Amino acid sequence: MIWYPYAQMKTMKDPYKIIDAEGVYLYTEDQKLIDSVSSWWCMIHGYKHPELTEAIKQQADQFAHVMLGGLTHEPVEKLANKLREFLPGDLDYCFFSDSGSVGVEVALKMALQYYVNKGEWQRTKVLSLTHAYHGDTFKTMEVGDDEDYHFILEAYGEKKYAIHVDTNIPALEEAFAKYGHELNAFIVEPLLQGAGGMRMYDISFLQRARELCNEYDVLLIFDEVATGFGRTGNRFVADLVLPDILVLGKALTAGYIGHACTVANHKVYEGFYSDDPDKALMHGPTFMGNALACAVALKGIEIFERENYMEKIRKIEEISIREMSGFSHPKIKEVRIMGACTCVEVYDPADLEGFQQFAYERGVFSRPFLSYMYSMVPYIIEEDQLVQIFDIMKAWFAD
Ligand SMILES: *Cc1c(COP(=O)(O)O)cnc(C)c1O
């Protein structure tokens, strides 16, 4: 018996059963569906990509996995080297793990211990954004701000270690003035807050955050699990404002196998580098640096560069703006577009009930949540396929 995610099992409607997938398409027994959400935003190259499949097959013929405790191997070394070159600034030190949530946990642990190693025990707090989502494990829920997890607050009482701030500069300055000396980190989903409702904000907020983090000696963490690899129209938001720690997941392995990477800069790494064994980072997921995951990640990055994905994303954004910006209806609160993400927010979540089935019958897989209807398409999508998604969104509102 499968216990499905984010679902009341008693009332959940039957999930669609996928029997094949290729390119942007998912196949059920009776339908061919464009996957408008890229399997939770990770399947950027599409399904059954021959080169990605081949990379996994070749690695599987060598070995599928060896632990990183006391061992190393070529795929993980190559991936760390590739990321060093691919990522901006001195984000050079890769700590691998098996999922985005764990990658964020590692980042938060790193930030806390970085100051403990320096003897600054008072820096116990983390600043994060209102509507933040950083994963489903306990610490990530604590820095997150999802109403679905507020039962945690009710069960445990007030949050002691996480403070939330809106994405406006005066509020940020106030938070730093008040808590700056107790913070070890400011963690953000940069420019685009995904699971909190596809909320988009301006780069000037992050520029100011960088300055404040420098001023108060606080580590800046970018959770680019969702935004990394082009989603916002930037390769990484870290290309625009440099964080101290960057977390990658989802598209890192092209959606083929779960993996994540917490990348630290030189300053953070130095904070652990010592003759003192107590200053080491004590963490080690069983499947960190999994060879299949590293092999497919390497191939994915190669394709991303070779096929000029940033140009594809620019085109997706252009079409999205052409088709969707200015689209309005009394039920619609706002249409937001950034890079390869389009979100239609309605006033009343009830107005999206039935949309998934409506889209299914018209050849698109969609998964609206709360009051958000959105697309996060695979970058290989063709213009007519993208237009089909938007036509169906618009048709839903037709009277
Ligand atoms: C999906 C997501 C995570 C969690 O990643 P998992 O692999 O699902 O654990 C963390 N942060 C952000 C911003 C995400 O979108």
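1. In this predicted model, a polar side-chain atom of Ser101 is placed 2.6 Å from an oxygen atom of the ligand. Lys250 likewise has a polar side-chain atom 2.6 Å from a ligand oxygen. For Gly100 the atom concerned is a backbone N or O, which lies 2.8 Å from an oxygen atom of the ligand.

2. The surroundings of the ligand also include Trp41, Ser99, Tyr133, His134 and Gly135. Glu189, Asp223, Val225 and Ala226 are likewise among the residues around the ligand.

3. The chain is assigned two domains: domain 1 comprises 20–48 and 308–398, and domain 2 comprises 51–306. Their C-alpha centres are separated by 27 Å.

4. At the interface, 27 residues of domain 1 contact 30 residues of domain 2. About 2400 Å² is buried between the two domains, with carbon and sulfur atoms giving 67% of that area. Of the area that domain 1 buries against domain 2, 28% is supplied by Trp41, His45 and Met338, more than by any other three residues.

5. Which polar interactions link domain 1 and domain 2? The side of domain 1 that touches domain 2 has 20 nonpolar, five polar and two charged residues.

6. Elements giving two or more residues to that side of domain 1 are helix 1 (38–41), helix 11 (309–324), strand 13 (332–338), strand 14 (341–346) and strand 16 (372–376).

How values were computed. Residues numbered from 1 in each chain as written. Predicted model: local features only at pLDDT ≥ 70, side-chain atom pairs only at ≥ 80, totals over all residues. Heavy atoms only, no water. Domains from an automatic or database assignment. Contact = heavy atoms within 4.5 Å. Buried area = accessible area lost by both parts, 1.4 Å probe. Helix = DSSP H or I, 4+ residues; strand = E, 2+ residues; numbered from the N terminus. Nonpolar A, V, L, I, M, F, W, Y, C, P; charged D, E, K, R; others polar. Near = heavy atom within 4 Å. Polar contact = N/O pair within 3.5 Å; in protein donor to acceptor, adjacent residues only side chain to side chain.
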